[in-house]
Amino acid sequence: WKTTAHSHAMKTLVDKGMQFSQDCVQCHTVGFGKPGGFADLRTTAWLANVQCESCHGPAQDHVDEERKLAREFAGAHGGTPPVRTARPHNHFDAAFCATCHNPQNSPQFRYETYM
């Protein structure tokens with residue numbers, strides 16, 4: 001991730017003076033417009049750039065499930081091991097990437113080359 005353009009996506013906006021554009025920020029940050037998501041570089045800088053959750057989805061679902069399963073397993077005393085159902089998004093087809101990498105915003109993007 002550190003060697004990809006995703007790791008410094010916000011810098012591309014800052015360099016163009018677009019870091020305040022809501023249309024741009026939504027694809028260059030984590031969780032913009034959502035509770036606990038990116039608000040601005042002054043208050044939520046750690047959520048700048050395209051990070052894991054931008055593509056794989058909210059980690060909170062996984063954390064919540066792990067806590068629930070740990071409680072259930074601890075109370076079961078020898079029951080069967082828990083079955084995990086929360087899975088990160090791992091299918092990245094051209095349509096998924098095009099939610100941000102569309103012709104208007106990313107005209108040079110070629111899915112086949114990038115992947």
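**The cysteines and an aromatic pair**

Modeller: With -90° about the S-S bond, the link between cysteine 27 and cysteine 100 is left-handed. This is a predicted model, where local features need pLDDT of at least 70, side-chain atom pairs count only at pLDDT 80 or more, and totals for chains, interfaces and linings use all residues. Residues are numbered from 1 along each chain as its sequence is written, and side-chain values use heavy atoms, with hydrogens and water left out.

Biologist: What makes cysteine 27 and cysteine 100 a disulfide?

Modeller: Their sulfur atoms are 2.3 Å apart, and a disulfide is a pair of cysteine sulfur atoms within 2.5 Å, so the pair qualifies.

Biologist: Why is cysteine 97 called buried?

Modeller: Buried means under 20% relative accessible area, exposed is over 50%, and partly exposed is in between (1.4 Å probe, protein chains only). Cysteine 97 comes out at 12%, so it counts as buried. Cysteine 55, at 25%, is partly exposed.

Biologist: And the rings: why is the pair of phenylalanine 109 and tyrosine 114 called tilted?

Modeller: Rings of Phe, Tyr and Trp (its six-membered ring) pair if their centres lie within 6.5 Å; planes under 30 degrees apart are stacked, over 60 edge-to-face, and the rest tilted. Here the centres are 5.5 Å apart with 50° between the planes, so the pair is tilted.

Biologist: Is phenylalanine 109 buried or exposed?

Modeller: Buried, because its relative accessibility is 16%; tyrosine 114, at 41%, is partly exposed.
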